[in-house]
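Hello,

Here is the structure I promised to pass on to you. My notes follow just below it.

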Amino acid sequence: MAGMPRVFVTRKIPAAGLQRLQAGAAVTVWPGELPPPPDILRAQVAGCTGLLSLVTDRVDEALLDAAGPQLRVVSQMAVGVDNIDLGACTARGVPVGHTPGVLTETTADLAWALLLAAARRVVDGERFVRSGNWKTFDPLHMLGLDVHGATLGCVGFGRIGQAVARRAHGFGMRVLYAQPRALAAAEAGAARHVPLASLLRESDFITLHTPLNPQTRHLIGAPQFELMKRSAVLINTARGPIVDPQALYAALHAGQIAHAALDVTDPEPILMDSPLLQLENLTITPHVGSATLQTRDRMAVLAAENMLAGLAGARMPHCANPQVYATV
Ligand code: DGY
């Protein structure tokens with residue numbers, strides 16, 4: 001321990017990653033079930049050389065100031081880093097690690113699970129049976145939507161969007177994608193690049209896979225819901241604030257779209273008095289896109305590897321602000 005760099009880890013993480021980290025650092029793990037409140041986080045990180053963060057921790061100028069000038073590495077156990085002020089980290093020469101790749105297929109699996117659950121009313125059916133309402137086979141009851149042969153629209157077509165598209169091809173779906181840059185044919189496969197408005201008009205299922213940034217905040221709001229089919233299903237496994245929650249409520253309540261299936265919300269967790277929770281045509285899970293035993297192990301190990309590389313002054317395997325290497 002003596003002489004090892006001090007690292008603060010903001011939550012209990014899988015043992016595989018923690019043990020890897022402990023081999024090269026003096027590690028303190030926040031023991032709480034909830035994230036450390038900002039004042040406690042500031043106090044804990046003071047004097048540390050490394051911070052291992054989660055999406056629930058705000059890493060901003062105030063936290064970097066509180067940490068002190070010896071802070072050399074932030075390593076986040078997540079692919080998304082919208083909770084981190086990357087510019088402030090770069091300006092201080094602090095590389096920020098993240099965990100792309102290892103959670104792609106797992107997150108795509110959850111998007112697919114939500115899509116199927118919404119289309120085939122799995123949660124409705126479960127509620128119906130458990131509440132004692134199943135009296136007979138009914139030709140007109142619990143009618144859902146066909147997934148096979150339908151059109152899927154991917155808003156954002158990076159690793160996870162493309163992984164969802166692969167699943168869609170297995171279901172014989174037509175796939176559209178919208179993002180600023182069209183992919184080369186080899187990467188896009190059978191998916192077609194279209195403007196966002198066309199995707200919203202033509203898709204039966206719309207799945208969101210963009211990072212959250214100033215351009216994508218409320219990317220899906222009232223004008224976008226107006227373009228969607230009344231039978232459309234919206235799936236969000238990316239970040240809650242990509243969707244304007246008021247506009248979403250209005251669209252679901254008015255039947256302007258058929259259903260939404262959300263793994264992420266704004267705010268997070270969703271408030272228990274949110275009107276969204278009153279709606280039958282909403283399916284919701286608690287930000288568990290990457291939550292499998294295998295994937296959380298891989299994320300923790302990669303977060304540890306990013307941290308150890310950063311502490312050693314080496315280039316991280318996955319750095320979210322690679323421009324930092326040009327400035328140090
Ligand atoms: C991520 O990796 O960004 C997820 O949202 C948390 O696993």
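In which loop is His-287 found? His-287 sits in the loop between S12 and helix H12 (293-311); helices (H or I, at least four residues) and strands (E, at least two) are DSSP runs, numbered from the N terminus.

A word on the source: this is a predicted model, where local features need pLDDT of at least 70 and side-chain atom pairs count only at pLDDT 80 or more, while totals for chains, interfaces and linings use all residues. Residues are numbered from 1 along each chain as its sequence is written, and side-chain values use heavy atoms, with hydrogens and water left out.

His-287 has a positive phi of about 50 degrees although it is not a glycine. At 24% relative accessibility, His-287 counts as partly exposed (buried is under 20% relative accessible area, exposed over 50%, partly exposed in between, with a 1.4 Å probe and protein chains only).

His-287 is also one of the residues around the ligand, along with Ala-78, Val-79, Gly-80, Leu-103, Arg-239, Ser-290 and Met-299 (a heavy atom within 4 Å counts as near). A backbone N or O atom of Val-79 lies 2.7 Å from a ligand oxygen, and one of Gly-80 lies 2.9 Å from a ligand oxygen. An N or O atom in the Ser-290 side chain is 2.8 Å from an oxygen atom of the ligand.

Two cis peptide bonds may interest you as well: Asp-266 to Pro-267, with omega near 0 degrees, and Glu-268 to Pro-269, with omega about -5 degrees. Pro-269 lies in the loop between S11 and S12.

Best wishes

Note on methods: Polar contact = N/O pair within 3.5 Å; in protein donor to acceptor, adjacent residues only side chain to side chain.
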